[in-house]
Amino acid sequence: NNSNNSNITPAALAAPPQSADTPTSPNSSCCVVVDSGFAFTHVVPFVDGRPVADAVRRLDVGGQLLTGCLKEMVSYRYLDLSEETYVVNQMKEDVSFVSQDLAADFAAAKAKPSANPHILEYVLPDFDTVPRGFVRPREQTDFKALRSKAGALSAAELSASSTAAQSLFLANERFTVPEVLFHPKDIGIDQMGVSECIADAISSCAKDLQPLFYNNVIVTGGNACIPGFRDRIAKDLRAFAPCDLPELQVIQPASPATYAWRGGVDYVKADPQLTTFVTRAEYEEHGAAICQKKFSAGL
């Protein structure tokens, strides 16, 4: 069977009923699923398991774009890694974090290397003795290879920084790349950030349900694995939410990257006859019209 249902999205598969690794919420009938994946970030409010179509929001920022941003930064400032997307993606996953106070983190990143809490040395793979890139422990890092300005390296300094493998130093790149999720206009994308998308989606729903949505925001997808992602959304939403809101809760599953997949497994188990899916034969015979016929109810 080949699913061509545009409504059975990762966000839909992450909606209640929630799996066992997610903290329970008293308002499971209403939730907002934030699915930040490879290509896009979707914000989808659900009521009784059905998406509120008019309130769905999409942000054209995903993990692929973040990897591209880091690749451009590293290639411009340090080494040309324009053809090493896989290596840079691993680097992003290893070193990135979401800032909770951007101004303070920028100030800290300008400090001398020995006093800079954000700077670290990333050893690049040579696929021989170093099969995968890794962060060198801070106590083993040679800060003498750095110039007085943190993160500024010449080719000679890069070579001297490690005798066993080539490495580079990263500081503000660690948090400026994930910041694109929250301020896409910084790179010319004229859209709201993820926190604003959530608030805008909730404001498009019935007013009496809005407190329930704020109390049950679920973040999923690979980008939710970035340290600080959930806390930043909770912090930003507090500023957008009504001042008399009794409680705001942002839930992150134990494994955000695979949460929607596990939801799909549960979905298939609950419907072993696949009555809510379109077969390849049906789609080839009827085209997209069969999807509208089967899945438009309730939207």
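A residue is called buried when its relative accessible area is under 20%. The close-up views below come from a predicted model.

**View 1. The aromatic pair of Phe97 and Phe175.** A search of the whole structure finds three aromatic pairs. In one of them, Phe97 and Phe175 form a tilted pair, with 5.7 Å from centre to centre and 50 degrees between the planes. This pair links distant parts of the chain, as the two residues are 78 residues apart. Phe97 belongs to the loop between α3 (85-95) and α4 (102-109), whereas Phe175 belongs to helix α6 (residues 173-176). Both Phe97 and Phe175 are buried.

**View 2. The aromatic pair of Phe182 and Phe229.** The ring centres of Phe182 and Phe229 lie 6.0 Å apart and the ring planes meet at 55 degrees, so this pair is tilted. Here too, distant parts of the chain are linked: Phe182 is in the loop between α6 and α7 (194-203), and Phe229 is in helix α9 (residues 229-240), 47 residues apart. Phe182 and Phe229 are both buried. Phe182 also has a charged neighbour, for the charged end of Arg232 sits over the Phe182 ring at 4.5 Å from the ring centre.

**View 3. The cluster of Phe97, Phe106 and Phe175.** Phe97, Phe106 and Phe175 are joined into a cluster by ring pairs.

**View 4. Arg58 and the ring of Phe40.** Arg58 is placed over the face of Phe40. The distance from Arg58 to the centre of the Phe40 ring is 4.1 Å.

Note on methods: Residues numbered from 1 in each chain as written. Predicted model: local features only at pLDDT ≥ 70, side-chain atom pairs only at ≥ 80, totals over all residues. Heavy atoms only, no water. Phe/Tyr/Trp six-rings, centres within 6.5 Å; stacked < 30°, edge-to-face > 60°. Helix = DSSP H or I, 4+ residues; strand = E, 2+ residues; numbered from the N terminus. Buried < 20%, exposed > 50% of the residue type's maximum accessible area, 1.4 Å probe, protein only. Lys NZ or Arg CZ within 6 Å of the ring centre and 35° of its normal.
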